[in-house]
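Subject: Structure for you to look at

Hello,

Here is the structure I promised to hand over. My notes follow below it.

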Amino acid sequence: MRNILLAAVAVSAIAAPAFAQTVDSEPRGYGSLGYTYLDDAYTGAVTGRLGVNLNRYLAVETEASVGVKDKDYSFAGADGTLKHEWDAAGYVVGKYPVGDRMEVFARGGYGHTELKNEIAGQTTDVGGDHWSYGAGATYNLDGANGVRADWTRRDFEGDSNELDSYSLSYVRRF
């Protein structure tokens, strides 16, 4: 799974500059960098995204995150830490413009989230592969810069666990 996600990121990185060289006045590619908060896990990560607009209403994007905020807790007198190690995912994104500067979007895809739970000297892997879906909005400050806010639900395979995440990002269109 990890190799598929890495290949998707590589293809997007190679394809985006080629799209940016077209004659269209509308930017074809975009990237973003921001902060993602994982609800219920109470952890945070720095998230980078790279996407390609296939047309005005449809895009594909990849994202990768590295954990920067852990959650410390106590359970039965023992201290523990939940660490957000990393995650990566690929999405198909449906977009709809709302005025000249704003667009709303819905996205769905597949990814992997790696969390580690450390308590009483024991480490357990938490997280795993998941189907993801969510929605959000992007406000374009000008022709190239914008701000994006979104919500994504990660529905983990093999169990009934779900994890919501909330992101706020700077967006650069090219």
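How many aromatic pairs does a search of the whole structure find? It finds three. Before the details, two notes on the source. This is a predicted model, in which local features need pLDDT of at least 70, side-chain atom pairs count only at pLDDT 80 or more, and totals for chains, interfaces and linings use all residues. Residues are numbered from 1 along each chain as its sequence is written, and side-chain values use heavy atoms, with hydrogens and water left out.

Aromatic pairs

Rings of Phe, Tyr and Trp (its six-membered ring) pair if their centres lie within 6.5 Å; planes under 30 degrees apart are stacked, over 60 edge-to-face, and the rest tilted. One of the pairs is Tyr110 with Trp131. Their ring centres are 4.7 Å apart and the planes stand at 70 degrees, so this pair is edge-to-face. Tyr110 sits in strand S6 (residues 102-119) and Trp131 in strand S7, so the pair ties together parts 21 residues apart in sequence. Strands (E, at least two residues) and helices (H or I, at least four) are DSSP runs, numbered from the N terminus.

Is Tyr110 buried or exposed? Tyr110 is buried, at 17% relative accessible area. Trp131 is exposed, at 52%. The cut-offs are under 20% relative accessible area for buried and over 50% for exposed, with partly exposed in between (1.4 Å probe, protein chains only).

Tyr133 and Trp151 form another edge-to-face pair, 6.1 Å centre to centre with 75 degrees between the planes. Tyr133 belongs to strand S7 and Trp151 to strand S8 (residues 145-156), so this pair joins parts 18 residues apart in sequence. Tyr133 is partly exposed at 36%. Trp151 is partly exposed too, at 27%.

Overall fold

Along the sequence the pattern is α-β-β-β-β-β-β-β-β-β. Of its 174 residues, 39% are buried. Contact here means heavy atoms within 4.5 Å. Of the contacts with a separation of 6 or more, 55% are between residues 24 or more positions apart.

Nonpolar cores

A nonpolar core is a set of buried Ala, Val, Leu, Ile, Met, Phe, Trp, Tyr and Cys residues joined through side-chain atoms within 4.5 Å. Which residues make up the largest one? There are seven: Tyr30, Ala59, Ala89, Tyr91, Val93, Phe105 and Val171. Strand S5 (residues 78-98) gives the largest share, three residues. A second, separate core has six residues, including Leu38, Leu82, Leu115 and Leu163.

Tyr91 is worth a click. Not counting residues up to four places away in sequence, Tyr91 touches Ala59, Val60, Glu61, Glu63, Arg107, Gly108, Gly109, Ser132 and Thr152.

Second largest pocket

A pocket is found on a 1 Å grid over the protein atoms alone, as an open set of points where a 1.4 Å probe fits, with protein on both sides within 12 Å along at least five of seven lines; lining residues have an atom within 4 Å of a point. The second largest pocket has a volume of about 190 Å³. Volume is the space filled by probe spheres set on the points, which are joined across faces, edges and corners. The lining includes Asp40, Leu82, Leu115, Gly127, Phe156 and Leu163. Strand S7 (122-140) and strand S9 (162-173) each supply at least two lining residues. By class, the lining has six nonpolar, two polar and three charged residues. Ala, Val, Leu, Ile, Met, Phe, Trp, Tyr, Cys and Pro count as nonpolar, Asp, Glu, Lys and Arg as charged, and the others, Gly among them, as polar.

Gly127 is in strand S7 and is partly exposed at 39%. Leaving aside neighbours within four places in sequence, Gly127 contacts Thr113 and Phe156. The C-alpha atoms of Gly127 and Thr113 are separated by 5.4 Å.

Positive phi

Most residues other than glycine have a negative phi. Asp40 has a positive phi of about 70 degrees. Asp40 is in the loop between strand S1 (29-38) and strand S2 (43-53), and is exposed at 54%. Ala76 also has a positive phi, of about 50 degrees. Ala76 lies in the loop between strand S4 (71-75) and S5, and is exposed at 77%.

Best wishes
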